[in-house]
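Subject: Structure for your review

Hello,

Below is the structure I said I would pass on. My notes follow it, starting with charge pairs and ending with a surface patch.

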Amino acid sequence: MNKFKYTVSVFTALALLSLTACSGNTAQDSGENSTDPAEETPAEIADNIVLPEGFEEGFVYRKNDIVIQRTEYVPSETVDVIDFTLVNEGSENVDMKILPLLINGVVTEEGYYVDLEPKNPYPIEFYIDNETLSFAGIKKINTVDAWVSFKPESSESWSEPELIRLVQNEADAKPAVLQHSDHVLYDQDGIKISSLGSYVSYFGASSAVYLLSNDTDSTVSTDTDYEFSLVDGEADSGRMIGYVSEETPPSRKSLLVVNVLSTDDYESVPFDTADTRLIISGEDNEEIAAVPVHLTMDGDTIQSAADDSYYNAYFRTESIIYELPSENELTEYLILFYQKGSGVLEGIINEIRIPKSDSITRELIESISLEDSFPGIEYLDFYEKVVEEDDDSFSYISIFRDLDDYWNLRSLIRTGFLNMDKDIDHAVPIDQFTEGIDGTDAVKISPEDDAYKYVHPDLY
């Protein structure tokens, strides 16, 4: 991006003022569990699953012109691998969901979205994380089920999900019922999340494990907040917070696993602190809750806390004010508001103070418009003009909010107020605005200062 300059030209009907702004360019428990997370009790839910003809030969589904056949099942201590072949015997393309998987009738695992072409066999492979299951209390896989639904090319809606059996090792075994720990992070309206502790995998990765139970009437999904992910306080440290998103149907549970990975090879890496939020969403993707998670690492053990102060600090708005060189004995200030964590510009205030005189009246100042110099600026819904006065001077204030929305920033650039790339397609960091503002005095201001009432009235 090229350097740019701020330019504000203000003209009055009497041509008294011409104001120009400056140029500027192996499993290990962390000890968090107060109770055994699993007890051998009968299943909470009885699922009546009818096995299709040929199940012993691997056919797990044969309806609606769709055939699903299990071709291989390889169990191990760490990961169970299950291979399937899907065949669409119909005449049109069919979108298909096989998700989530359900282990022992209790806890979910990831599934698949598939686009099936007619008569074209499609292989898929499921991986079941036995280490996490074992850590949580499921020591043996008795059954693996999955919800299946379809959407033919000619249809606008998905079929009602049907629960089918993919693997049956011991159908009548009493499944372990996962229990929440006392370390509860969230418990509202039928949704509960607790921390089960952490463990070190066979591959040396330390992972924090959470149990989510859904006692509502609809499916919920969970994911991390990709707009807020800090490792050792940095958003871009070459490390990322690894997480597998999950769907949790009514009356089911999910195990949520969080760890820190290298962005280069996705291997587990050490850290001191990591922060994110677990976003819980409903069936229409509406956000139900955002659960803050603060992780600290001690050796191989990860401790977890529900602390939102890191999130709030990251997204706190800060500001800096510049006194700019000006003309005609006027005083001009440029105030930039930006997000502390990302540094993204959020708003601009340009204030020009005009000494009072017999010929300068409030009516005259209020009649000044930037429209002649910057066509279209008066039509921006994120722009506001304010005129204030004290005993000695008037202040002509131009306010630009929501500039972290790059469409707003583009619109402002197109008026000519900012000399920048008109086709900018991203939010702009604050350092690109402060670059080139030479010969000025810069002072930080805080939410207690009056300038905040303009861009952030909720803080005033």
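A salt bridge here means a side-chain nitrogen of Lys or Arg within 4 Å of a carboxyl oxygen of Asp or Glu. Asp145 and Arg165 meet that definition, with N and O of their side chains 2.7 Å apart. The two residues come from distant parts of the chain, 20 residues apart: Asp145 is in strand 11 (residues 143-152) and Arg165 is in strand 12 (residues 162-168). Helices (H or I, at least four residues) and strands (E, at least two) are DSSP runs, numbered from the N terminus.

Before the rest, two notes on the source. This is a predicted model, in which local features need pLDDT of at least 70 and side-chain atom pairs count only at pLDDT 80 or more, while totals for chains, interfaces and linings use all residues. Residues are numbered from 1 along each chain as its sequence is written, and side-chain values use heavy atoms, with hydrogens and water left out.

Overall

The protein has 6 helices and 30 strands. Of its 460 residues, 49% count as buried; buried means under 20% relative accessible area, exposed over 50%, and partly exposed in between (1.4 Å probe, protein chains only). The accessible surface comes to about 22400 Å², and 43% of that belongs to carbon and sulfur atoms. Accessible areas come from the Shrake-Rupley method with a 1.4 Å probe, and for residues only the protein chains shown count as cover.

Salt bridges

The whole structure contains 12 salt bridges. In the pair described above, Asp145 and Arg165 are both buried.

Asp225 and Arg277 form another salt bridge, their closest N and O atoms being 3.0 Å apart. This pair also links distant parts of the chain, 52 residues apart, with Asp225 in the loop between strand 17 (220-224) and strand 18 (230-231) and Arg277 in strand 22. Asp225 counts as buried because its relative accessible area is 10%. Arg277, at 12%, is buried too.

Are Lys356 and Glu389 buried or partly exposed? Lys356 has 32% relative accessibility and therefore counts as partly exposed; Glu389, at 40%, is also partly exposed. Their side chains meet in a salt bridge (2.7 Å, N to O). Lys356 lies in the loop between strand 27 (345-355) and helix 3 (362-367), and Glu389 lies in strand 28 (residues 383-389), 33 residues apart. A network of salt bridges links Lys356, Arg362, Glu366 and Glu389.

Ser357 is in the loop between strand 27 and helix 3. With a relative accessible area of 37%, Ser357 is partly exposed. Its C-alpha atom is 8.8 Å from that of Asp392, 35 residues apart along the chain.

Helix 4

In helix 4 (residues 406-414), the buried residues are Asn408, Leu409, Arg410, Leu412 and Ile413. Just after this helix, Gly416 takes a positive phi of about 95°.

Surface patch

Which residues gather in a patch of negative charge on the surface? They are Glu247, Glu283, Asp284 and Glu286. Patches are made of residues with over 30% relative accessible area and no salt bridge, like charges being joined within 9 Å and nonpolar side chains (Val, Leu, Ile, Met, Phe, Trp, Tyr) within 5 Å. Lys and Arg count as positive and Asp and Glu as negative, while His and the chain ends are not counted. The place of a charge is NZ of Lys, CZ of Arg, CG of Asp or CD of Glu. Glu283 is in the loop between strand 22 (273-281) and strand 23 (287-298). Its relative accessibility is 55%, so Glu283 counts as exposed.

Regards
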